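Here's a quick briefing to read alongside the model. Have the sequence and the coordinates open as you go.

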Amino acid sequence: MRLKISLLKEPKHQELVSCVGWTTAEELYSCSDDHQIVKWNLLTSETTQIVKLPDDIYPIDFHWFPKSLSAKKQTQAESFVLTSSDGKFHLISKLGRVEKSVEAHCGAVLAGRWNYEGTALVTVGEDGQIKIWSKTGMLRSTLAQQGTPVYSVAWGPDSEKVLFTAGKQLIIKPLQPNAKVLQWKAHDGIILKVDWNSVNDLILSAGEDCKYKVWDSYGRLLYNSQPHEHPITSVAWAPDGELFAVGSFHTLRLCDKTGWSYALEKPNTGSIFNIAWSIDGTQIAGACGNGHVVFAHVVEQHWEWKNFQVTLTKRRTMQVRNVLNDAVDLLEFRDRVIKASLNYAHLVVSTSLQCYVFSTKNWNTPIIFDLKEGTVSLILQAERHFLLVDGSSIYLYSYEGRFISSPKFPGMRTDILNAQTVSLSNDTIAIRDKADEKIIFLFEASTGKPLGDGKFLSHKCKNFLDNLPFPNYKNGSDFYLSHFTQLPRTLMEILEIALDQKGLTNDRKIAFIDKNRDLCITSVKRFGKEEQIIKLGTMVHTLAWNDTCNILCGLQDTRFIVWYYPNTVYVDRDILPKTLYERDASEFSKNPHIMSFVGNQVTIRRADGSLVHISISPYPAILHEYVSSSKWEDAVRLCRFVKEQTMWACLAAMAVANRDMTTAEIGYAAIGEIDKVQYINSIKNLPSKESKMAHILLFSGNIQEAEIVLLQAGLVYQAIQININLYNWERALELAVKYKTHVDTVLAYRQKFLETFGKQETNKRFLHYAEGLQIDWEKIKAKIKMEITKEQEQSSNSQSSKNMGLKL
């Protein structure tokens, strides 16, 4: 990726240009110390003087009033705020008419910014004051007072906080009174510029120490550049938060959001005092110290998928190369390319007006359709369809260009969505809510309606005992019940989400990373019951699902980990460590990012921008394919051929999940889980299929579902006995009383349990039912024997009826 620089031979301004700003993707305004405001039309290469300001007004900064989030693409910004050296800010229409001038600061007004909704304006000045103004220019409050000039200011993504400079310090000040202020030393020289992106929530700063830095919103340093030859005078985020630009003396640099540099250009511009990105994020304009306005177009972007490489060579031209046979195709477009995505054998390209869908089998005849609204900011692909996100809506299309659905939820802001907060699979769309980052909205892809029972997914961080490997014993612990279950389940913000790509809709899983860097997984289909969120790992920084099977990979601290069968956590959590592949990831340096997981190859981008490819074993994917086709014999044969513990452990978990206990027994035996082999054998000897099903569910930890199966089959005693065995005394007594049977059995086992530990009964309910009751173990054993005989007879009669039906 690089910048294609465009600079006129002669400058249009006579003095230094202080600020620039785009109205549309093809129209720009510039302000200069020669008191002129000039409009630039990039389509016709014409420049027009909009207004000549009074000689005592030297413009310093200006910012266009934000368009409505639901605005159509034809709508343009109609007014802007201009700050100047005379201590005033001026509200000026697009035609150049000064609507209002407001005395704002003592000394120059150094910066002014509208918030994202256009409901408030913040200004900062040489007097060190930070002031909040209404849309019409009425003073609302003086947010802060510094002892030094404030050179730059930016709004937080939610418009509830303001970031500003104070010498070498950066300060984040919430609008709410008495809220905590965050302040830290950011540079060794005076900070000249800051920018805060609403999509990635990252902060840029630049200063006289000749460095630019990237911070998160907690003030933690993510990137620190090498010193440049001259002070950094401007920085600006691209609208989608994937890139940013840096300006200095005779220097324009294009960088990735993680900080490393794509391109460095040395135009003859003097110092670049201000940088502005076009609305579509494809062009940069810079305000230059020698009177020029420099334009730079982002070109030579690359997209790769398997053996295909696509490169944006010009604004309207792409080159496709097949590395297997070195065949090259040129793709020409009518308009400028805005966004593109290459995956699942399709290339999706959005221009300023249209969307093109190419198949990798045929590059000559794309599907073309007109875009409904605005500039596309994000393209996501799944096997069957793709998603387009623009400034107002989300649209799902098939690869034949057919519109499928457009999911919506209250307060949806599509302008801040990115690939980490939206995920797409063949049947599900997942979107993390920006207003409440603990919530994920789930939609059916085919209809755009909320999934399942319509409830959103909220990430509840459970107390630490909820993830113990033996949940059965904690249910019987009075200490646990009285203490730890009373701990609150706090809600946790979600940073990144990802849906798995294969399998049935009912088995669809979503993995996500929360603010604690915990990797969690849960099912997306829920009907009335609380979602079971299980933690897979800690200190996970990035993740990706495989495109052909449900294998998950992630970077965990200094380790690269592959979960060959993540569903193991729902089947048998004890063997989860045996289903993992791990290797050292220290070679990827700090903050690497997983770009893709295609086939058996994982692509990781290191912090310096270089790409590293890791190949994993192809056998787990083949095992997934066999199991999805119920080819159990082939799956066992494959595991015997590979002779790896991870394969056998995955096979065992897959077999239990699919209720194939014969194969599960083989898998558990291969990994030395003898106790589980014995339990599976005991399940085979149970008299009825309902009992077998219930114990298979128990094996997977699904106690409630096992109980329901037994109760529906009329096997009440068996349901009671399950709860007795698990020390769920309250539930066992509840069932016995409800069905008026085996109350004495429950009380007898409870008494025996207490005697073993030398305890006395204190539970009032048990004391009530034990009053006047004599425990007769001979009688109880006879009743239990009768229940077993009854179950055997029911099973025998059921089998006889089945055989009779077959004969008839």
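Predicted model: local features only at pLDDT ≥ 70, side-chain atom pairs only at ≥ 80, totals over all residues.

Residues are numbered from 1 along each chain as its sequence is written, and side-chain values use heavy atoms, with hydrogens and water left out.

**Nonpolar cores**

- A nonpolar core here is a set of buried Ala, Val, Leu, Ile, Met, Phe, Trp, Tyr and Cys residues joined through side-chain atoms within 4.5 Å; buried means under 20% relative accessible area, exposed means over 50%, and partly exposed is in between (1.4 Å probe, protein chains only).
- The largest nonpolar core has 47 residues, and Phe 560, Leu 623 and Tyr 668 touch the most other members.
- Helix H6 (residues 645-657) supplies the largest share of this core, 10 residues.
- There's also a second, separate core of 21 residues, which includes Ala 694, Leu 697, Leu 733 and Leu 735.
- Contact means heavy atoms within 4.5 Å. Leaving aside neighbours within four places in sequence, the contacts of Phe 560 include Cys 553, Leu 555, Tyr 581, Phe 588, Val 602, Ile 604, Ile 614 and Ile 616.

**Helices**

- Helices (H or I, at least four residues) and strands (E, at least two) are DSSP runs, numbered from the N terminus.
- Helix H11 (residues 716-725) is mostly covered, with 9 of its 10 residues buried. Among them are Val 716, Tyr 717, Ile 720, Ile 722 and Ile 724, along with the polar Gln 718, Gln 721 and Asn 723.
- After H11 comes Tyr 727, which has a positive phi near 60°.
- In helix H8 (residues 674-684), the buried residues are Lys 676, Val 677, Ile 680 and Ile 683. They sit on the same side of H8, because they cover an arc of only 115° around the axis (taken from the directions from the helix axis to the C-beta atoms).
- The cover over the buried residues of H8 includes helix H7 (661-670) and helix H9 (689-699).

**Strands and sheets**

- Two strands count as paired if DSSP finds at least two bridges between them.
- Strand E12 (residues 129-134) runs antiparallel to E13 and is joined to it by 5 bridges; Ile 132 has Ser 141 of E13 as its bridge partner.
- Strand E26 (residues 272-277) is largely enclosed by the rest of the structure, since 5 of its 6 residues are buried.
- E26 and strand E27 (residues 283-288) run antiparallel, joined by 5 bridges, and Trp 277 stands opposite Ile 284 in E27.
- The hairpin of E26 and E27 has 5 residues between the strands, and Gly 281 takes a positive phi near 75° there.

**Salt bridges**

- With a salt bridge defined as a side-chain nitrogen of Lys or Arg within 4 Å of a carboxyl oxygen of Asp or Glu, the count comes to 35.
- Asp 61 pairs with Arg 113, with the closest N and O atoms 2.9 Å apart. Asp 61 lies in strand E6 (residues 59-64) and Arg 113 in strand E10, so the pair ties together parts that are 52 residues apart in sequence.
- Asp 61 is buried at 3% relative accessibility, while Arg 113 is partly exposed at 21%.
- Asp 335 and Arg 334 form a salt bridge with closest N and O atoms 3.3 Å apart; Asp 335 is buried at 12%, whereas Arg 334 is exposed at 53%.
- Glu 734 bridges to Arg 731 at 2.9 Å between the closest N and O atoms. Both lie in helix H12 (residues 729-739), 3 residues apart, about one turn of the helix.
- Glu 734 is partly exposed at 37%, and Arg 731 is partly exposed at 28%.
- A network of salt bridges links Asp 572, Asp 574, Lys 578, Glu 673 and Lys 676.
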